[in-house]
Amino acid sequence: QVGGDVLCDPAGIERLHHGGRGPLVGRPSTHCWTSCGLPGGRRAPPDRRRGQRAPGRDDRYHAAGLMRALVLMLSLGIVAPPAPERELTEGVEWELQLEATDPRLEDHGPARTVVHNVTATAGVGLYVHAMADGFEPVLRLATGAGVELARSEADNTRGFASLRARTSGPERISITVAGDEPEANGRVVVRLTEVPRLEPPWQDVYIEIREALEEAEVARSSGAAAQARAHVGRARELLGMIPPPRASEAGPTEFEESAVVLNAIASFGNLLQDPATRLFAWERLVAFRSRTMHELDPSRQEADTNLAITLKLAGDFQRAASLERNLLELRERHLEAGDANIDALRTNLGATLIRLGKLDEAQVLLEKAISGFEVSLGRDHEFMQNALAALAVVMKNKGELQAARDLEARVLEARLRTFPDDHQAVTFARENLANTMARLGDIPGSRELREKVLAVRASTLAENHPQLLQARGNLGATLFLEHRCAEGSELLEEASE
């Protein structure tokens, strides 16, 4: 909400543009490979082994499969002895030149493989990313026995791929990077980060945390929000007992299990509208992901976006704007021109700049976003309506009330086309337009909209709900302007009770 004007409905605030992948509320990143079975998460099924074969026949990079690679090379007119295995050191970048004549990864282009030895008794979380010049990289992790642990999914970030996996003990891991096309050719840099896993006795504490969060989900699902918050608070207390990993200054700030729990706590903070919990979890997740993930990793950008939203709700617009500027710069550099994710972030930053009083800069960003959404998403998309509503606020703050009215009328028309008449998005659009019409002197038009707002809120909200009381007060003030003082006084008294 900006100066009494609603940029989007509260249920949609987490959707105020985070890459167009659906609401962030209660949902870890689509790239999250596990969530300990907590709200909104998902666990990769154990049989997610695309292309897996029996042990000993895993792929052409292991000894039993070298013959097929040799056949491929012969078919290309090239005969070369297999290269010795190269070991990838944790935290160190591995650079190579991928050639079209290299052996291919199944279903993809030329590939190279390195190995990495996990020595930790409890195992580790493995965070791997690849940056490539001239082609789209694909990553694959497998055990020494040939079992695929993870394969990167297609992403719209140019020249970047990432994945995560977990080992339960010491393990020899093969990391394969490939081009997405048969003729891929160019430089690629691969980096692997290990995140330690908990050892006794902290594993028992982790189990208690999971149990507390599972109880919180049961309470939340049954409508017992206060009880759910208490269980989440207990989980936070238990998490505070776990010391940080012993690592270098650049090392991970959390254990693998702690990061999973923080993601669940952040989801609860969103779902339960608990500002303190949200800020606690997103701050720690941003610190963790900034040390373990590349800045282009979608999960890292998701954490930055959620922290920016949380900071705005806490009133820290300067810090939120800094985060959003960095994200916008990244997306403009690495996404295709016209990608809706860029315009989504322009809308986010524009709304933040309004609160900082930087109206001219906000207007430029929002107008760009609207032009982009017109092409990429269409005039009725929710992101388009949020951008139009934000631009209307800019116009009102600049004193251009007629321009603001036209924008808000456009938003209301779109909302009525896409939502039921009593939907809160429609109600907020009516309320915004009514405010502007009143300032323009169109009192009858403003009253008509405010009567509809009050009717909807009276039928959908509790008697003492702040939005219902506000609707009564707004209509009461409008009736006074029409010299209907008795009716206006009655509504204002009800609003003040």
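Student: Which residues does Asp421 touch, not counting residues up to four places away in sequence?

Tutor: In this predicted model, Asp421 touches Leu416, Val426, Arg430, Lys452 and Val456. Asp421 itself sits in the loop between H11 and H12.

Student: How far apart are Asp421 and Lys452 in sequence and in space?

Tutor: They are separated by 31 residues in sequence, and their C-alpha atoms are 9.7 Å apart. The pair is still listed as touching, because contact is judged on heavy atoms within 4.5 Å, whereas the 9.7 Å runs from C-alpha to C-alpha.

Student: Why is Asp421 called partly exposed?

Tutor: Its relative accessibility is 33%. Buried requires under 20% and exposed requires over 50%. The value falls between these limits, so Asp421 counts as partly exposed.

Student: What makes Gln273 exposed?

Tutor: The relative accessibility of Gln273 is 62%, and the cut-off for exposed is over 50%. Gln273 therefore counts as exposed. Gln273 belongs to the loop between helix H4 (256-271) and helix H5 (275-292). Its phi is near 50°, a positive value in a residue that is not glycine.

Student: How do you know that His483 is exposed?

Tutor: By the cut-off of over 50%: His483 has a relative accessible area of 70%, so His483 is exposed. His483 lies in the loop between helix H14 (466-481) and helix H15 (485-496). Its phi is also positive, about 65°, although His483 is not a glycine.

Student: What is the omega of the peptide bond that joins Pro200 and Pro201?

Tutor: Omega is about 5°, and the bond is cis. Pro201 is in the loop between strand S8 (186-196) and helix H2 (202-221).

Student: Why are H8 and H9 called roughly antiparallel?

Tutor: Their axes come within 8 Å and cross at roughly 155°. An angle over 145 degrees counts as roughly antiparallel, and H8 and H9 therefore get that label. Their crossing is left-handed.

Student: Which residues of H8 and H9 meet?

Tutor: H8 brings residues including Ala344, Leu349, Gly350 and Ile354, while H9 brings residues including Leu359, Ala362, Leu366 and Phe373. By class, the residues of the contact of H8 with H9 comprise 11 nonpolar, four polar and four charged.

Student: What makes H10 roughly antiparallel to H11?

Tutor: H10 and H11 pack at about 160°, with their axes 8 Å apart. The threshold is over 145 degrees, so H10 is roughly antiparallel to H11. This crossing is left-handed. Among the residues in the contact are Leu388, Leu391 and Met395 of H10, with Leu407, Val411 and Ala414 of H11. The contact of H10 with H11 has 12 nonpolar, two polar and five charged residues.

Student: How do you know that H7 and H8 are roughly antiparallel?

Tutor: Compare the angle with the cut-off. The axes of H7 and H8 come within 9 Å and cross at roughly 155°, and over 145 degrees counts as roughly antiparallel. H7 and H8 are therefore roughly antiparallel to each other. H7 passes H8 in a left-handed crossing. Phe317, Leu327 and Leu328 are among the H7 residues that meet H8, where Ile342, Leu345 and Leu353 are among the partners. The residues of the contact of H7 with H8 divide into nine nonpolar, three polar and six charged.

Student: Which residues touch the most other members of the largest nonpolar core?

Tutor: They are Ile354, Phe373, Leu391 and Val394, in a core of 39 residues. The elements giving two or more residues to this core are helix H7 (317-334), helix H8 (340-355), helix H9 (359-376), helix H10 (382-397), helix H11 (401-418) and helix H12 (424-439). H10 gives the largest share, 10 residues.

Student: Which residues does Val394 touch, not counting residues up to four places away in sequence?

Tutor: Val394 touches Ile354, Leu359, Ala362, Gln363 and Leu366. Another core, of 34 residues, lies apart from the largest one and includes Ala219, Ile242, Val286 and Leu311. In soluble globular proteins, nonpolar side chains tend to be buried together.

Student: How many helices and strands are in the protein?

Tutor: There are 15 helices and eight strands. Of its 497 residues, 52% count as buried.

Notes:
Residues numbered from 1 in each chain as written. Predicted model: local features only at pLDDT ≥ 70, side-chain atom pairs only at ≥ 80, totals over all residues. Heavy atoms only, no water. Core = buried A, V, L, I, M, F, W, Y, C linked by side-chain atoms within 4.5 Å. Buried < 20%, exposed > 50% of the residue type's maximum accessible area, 1.4 Å probe, protein only. Helix = DSSP H or I, 4+ residues; strand = E, 2+ residues; numbered from the N terminus. Axes fitted to C-alpha atoms, helices over the stretch in contact; angles between N-to-C directions. Parallel < 35°, antiparallel > 145°, perpendicular 65-115°, else oblique. Left-handed = near helix turned anticlockwise from the far one by under 90°. Nonpolar A, V, L, I, M, F, W, Y, C, P; charged D, E, K, R; others polar.
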